[in-house]
Amino acid sequence: MITLYQLRWSHYVEKVRWALDIKGLAWQAVDVVAYKKEEMRRFSCAQTVPLIHDASTGVAISDSSPIIRYLDETYPDRPLLPHQPTERAEAWQWMLRLDSSLGLYARRLGYTQLIMECPQVLPRLFLPDVCGGLFTRRGWRSLAAPVLGMLLIKRFRFDRNRHDRVYEQLEALLLSLADRLKRQAFIVGARLSAADITLATLLRPLRIVPYFSHHPGLQSLFAWQSRLFREYGREPALLYETLIEAQRRHCGTMRAGVGWMSRERFAPATALDEALTEAVNDQHPVNSFSLFGALPSYVKLRWFSGVRRMAYAPSPHMTHP
Ligand SMILES: N[C@@H](CCC(=O)N[C@@H](CS)C(=O)NCC(=O)O)C(=O)O
C-alpha cells in the first residue's frame with residue numbers, strides 16, 4: 001500500500017494521484033495541515049507535497065516528477081515514461097521544465113485570482129478541520145482570509161507578479177505548447193506519457209484565471225486538457241474552481257483585464273532548452289513578523305492590482321455544477 005501525503009487541491013499532488021491510478025496501484029491519501037505538515041515530519045525527504053511512502057519498499061520520496069520515475073522503476077507495468085531512450089529523456093525534461101515554470105506560475109496566478117475575487121475560499125482550503133472547522137464559518141472566514149492571503153503572498157511573492165512578468169512568461173510558454181499540440185496529440189511520442197499528465201494537471205489553476213482560460217489562442221490547449229480529464233476520469237472541477245465560479249455567477253463580474261499586457265508576443269528571457277536535473281521551486285520562508293509586513297501588499301493585490309473587473313463569462317471548458 002502506498003500512502004500519498006497531500007493538500008487535496010494541489011496541482012502537483014493531482015499529477016501523482018493520476019499517475020497512481022493509471023498504474024493501478026493500491027494507495028491511500030493523508031490530508032496534511034499545510035502550515036505544520038506534522039504528518040510528514042518522520043520522513044527525511046523534502047517536506048513538500050506530494051510525498052509518498054511506499055510500505056512495501058520502505059521508500060519515502062517527495063517531488064512529483066521523481067515520484068513518478070520511482071513508481072515506473074519500481075512497478076514497471078503500465079509505464080508512464082516512454083520506453084524509447086530519446087523519447088524518455090525528452091519526456092523527463094518536459095516534466096522538469098513544466099514543474100519549474102508552468103507549475104510555479106500557475107500556482108501564483110491561481111492564488112492571486114482567489115485573493116482578488118474571493119479570499120474567503122482560502123480558509124475552506126487551508127483550515128477545514130482546524131478548531132472544528134470554525135474558520136470556514138461565515139464571519140470567522142472573513143477574519144482568517146486576509147491572514148492566509150498575507151501568508152501566501154510572503155510564501156510565493158504574488159506582489160511581484162508584474163515585476164517578474166509572470167503573465168508574459170506563461171503566455172509565451174502556453175502559446176508554444178498550444179501550437180505543438182495542434183500538430184501532435186501528445187507532448188512526446190504517440191501515446192499519453194507523464195509529460196502530458198504534468199501539463200494537464202499543472203494547467204489546472206489557470207482555469208480560474210480568465211486572462212488564460214478565455215484567451216483566444218489557448219482554447220485548443222484547454223480543450224486538450226478537458227478531453228484528457230474526461231478520458232481518464234479526472235475530477236472536472238476542484239473545490240476552488242467551483243467556489244470562484246459560484247461567486248462570479250453571483251456578482252456577474254470577474255477580474256479579467258490585465259492592464260499592462262501588450263499584444264506583442266513576449267520572448268522569455270530564460271532559455272527553456274537548458275537541460276534540468278531537478279525541478280526548481282519558489283517557496284520563501286515566512287515568520288509572523290514578516291507576515292504582517294505583507295498587509296500593504298495584500299491590500300494592493302486585492303483592490304489595486306491593475307487587473308480590471310469585467311462582465312462574467314463562463315469559461316468554455318469548465319464543467320458547471
Ligand atoms: N516541485 C515540487 C513542488 C511541490 C510543492 O511546491 N508543493 C506545495 C503544494 S502545491 C507544498 O508542498 N506546499 C506547502 C508549503 O508551501 O509549505 C513537486 O513537483 O512536487
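Biologist: Which strand does E1 pair with in the parallel sense, and over how many bridges?

Modeller: This is a predicted model, where local features need pLDDT of at least 70, side-chain atom pairs count only at pLDDT 80 or more, and totals for chains, interfaces and linings use all residues. Residues are numbered from 1 along each chain as its sequence is written, and side-chain values use heavy atoms, with hydrogens and water left out. Strands (E, at least two residues) and helices (H or I, at least four) are DSSP runs numbered from the N terminus, and two strands pair if DSSP finds at least two bridges between them. Here E1 (residues 2-6) pairs parallel with E2 (residues 27-31) over five bridges, with Gln6 opposite Asp31.

Biologist: What about E3 (residues 51-54)?

Modeller: E3 and E1 run antiparallel, joined by four bridges; Thr3 stands opposite His53 there.

Biologist: Are the E1 residues buried or exposed?

Modeller: Buried means under 20% relative accessible area, exposed over 50%, partly exposed in between (1.4 Å probe, protein chains only). In E1, five of five residues are buried: Ile2, Leu4 and Gln6 point one way, Thr3 and Tyr5 the other.

Biologist: And which residues form the nonpolar patch on the surface?

Modeller: A patch takes residues with over 30% relative accessible area and no salt bridge, joining like charges within 9 Å and nonpolar side chains (Val, Leu, Ile, Met, Phe, Trp, Tyr) within 5 Å. A salt bridge puts a side-chain nitrogen of Lys or Arg within 4 Å of a carboxyl oxygen of Asp or Glu. Accessible areas use the Shrake-Rupley method with a 1.4 Å probe; for residues, only the protein chains shown count as cover. Here Leu295, Val299, Trp303 and Phe304 form the patch, with about 430 Å² together. Val299, in helix H13 (residues 295-303), is partly exposed at 32% relative accessible area.
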